[in-house]
Amino acid sequence: MNVRTRALRHSSESQMARWIFSLFLLPALALGAESEGPATLTWHDTARDVYVDGKLDRRVQTLSCSELRRLALVPPDSDGVVILDPVSKTMARAPKSVFVFEADRSSATTPRTYASSPGGDIVVPEARRYLASVDGHSLLVVPHQGHAGPMTAGELWQTVPIWWAIYQHYEPDAAAVAELRQETPPTQITIIFGTWCSDSEYHVPRLLKALHEASNRNLDVKLVSIGPDLLAPLDFVEREHLINVPTVIVERRGKEIGRYVETPRSERVESDLAAIVSGKPLPRHPGRWKHGQRLAGGAYSLRDASGRRGAEEFEIFSADGNGIVVHSTIEYPGETIEVWASLDKTRSPDFAEVTRHRGSHLERARYNLDKNRFSVHSRGDEGGIGQQDIEVPSDVSLTLPATPTRGWPALRGVPRSVSYVVSEGTIGKLDTEMVSFGQGASHTVPGRSLIGQRVYVTTARGRSEMILYSTWCLPLIVTEPDGAERHLVRLDGDLPKAELIER
């Protein structure tokens, strides 16, 4: 079937029946006040499965407010909203009129102070599951289970009705639609997504709208939904080397000609697809992580312990609160490693992402530090899903494959610290680092003579010797315990000065 015959329309089967339950009838309102902060709160659509009296009703929209860690349950045909507070294990009721929705209903705002009334207690039997009883009705909220396998557009709109609203209100890029409309070679487009995935919610309805407007019989569109954690259908996940959703695979005559993964390189997802279909080069990916202006960039020459030669390109960006974001791409024969990493204003690691391409295989891990807990989530088309949550000290550092991050232990301001070390794979381990300082040293790159300082980092793996430039401890030369070496060969721009600790 082509995209026209798949009929990306709202079928009569998905029309919402009226739903009026007494649990959403509001008693006399009282004034509810929130903590100090901005005048408004932002609520975003979030996938949850809501059961009323034991029956799943997908028409109930769930909004989350990350600032307050609360959920708002919005029924389609009631003037009331139920607000769950998992922290206090209580709920409240508020009039729907306090929520100002975007046209596509994917988000809403409320005043920080709005009218509400107490609604009783909720039970939290386990994480992200909430149970309440209101006016004789049971209410159960659980993580969205989604669907695993091929879907039609009609089934998609029924499963996640908010996606239909996003589809209806989106205006695709006219140039991208024109390019998609004029393509003549028969092309298979497989759109792979998770109905539980926020990136899928944002991009997939918009892409479907662009394809519908292109109305090209030569573009055969197939929808495949992936279950939570990319575990089902497992044979499909492994065969297509999936590590993130959404993924869009474009094929001609059974051969893949390109793919889109998670977020677009262009400003819009349909522009990426149009470029792939027409054979045009895609721009460099701006990164999935928020960052400010580019501060510096450069390159390293690499030699690993086996003598294998490689190269590394990097960029360093400003971040909110006087932090930095590093993006690095390391190339060895048969292997590519891409790293995104951030330091906050206190010089503490904020997040990191490491993606390894070995031949046709992919593996990606994301690392997040929340106070004294370090969480690692890894996905690979060979190794499956990996998860690690560990307690760490407040001054933990992070050792990554990206050379610009190797001097970060010296920024901690202490001679002894603990670092989470990522080396060959994506799941790492904690290691104690002893930092000591030597004499000043210089290093020359084209157009610049750089003065740095020798720094020694000793761990259970041995002692690394580095020459660090005083701007955010950028390594000029690194010699590893196993004999591997890294040499800065190009540097443009500069970074705010970050002095090393006194000896």
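Which residue in E19 is the bridge partner of Ile249? It's Arg259, and here is the setting around that pair.

## What you're looking at

This is a predicted model, where local features need pLDDT of at least 70 and side-chain atom pairs count only at pLDDT 80 or more, while totals for chains, interfaces and linings use all residues. Residues are numbered from 1 along each chain as its sequence is written, and side-chain values use heavy atoms, with hydrogens and water left out.

## The whole chain

You'll find six helices and 34 strands here; these are DSSP runs, numbered from the N terminus (helices are H or I with at least four residues, strands are E with at least two). Of the 503 residues, 52% are buried, meaning under 20% relative accessible area with a 1.4 Å probe, protein chains only.

Now take contacts (heavy atoms within 4.5 Å). Of those between residues at least 6 apart in sequence, 56% join residues at least 24 apart.

Five strands line up as E15-E17-E16-E18-E19 in an open sheet with mixed pairing; two strands pair if DSSP finds at least two bridges between them. E15 (149-151) and E19 (255-261) are the edge strands with a single partner each, so one side of each has no neighbour in the sheet. From one strand to the next, the twist averages 25 degrees.

Strand E18 (residues 247-252) and E19 run antiparallel, joined by six bridges.

Axes are lines fitted to C-alpha atoms, for helices over the stretch in contact, and angles run from 0 to 180 degrees between N-to-C directions.

Note on methods. Buried < 20%, exposed > 50% of the residue type's maximum accessible area, 1.4 Å probe, protein only.
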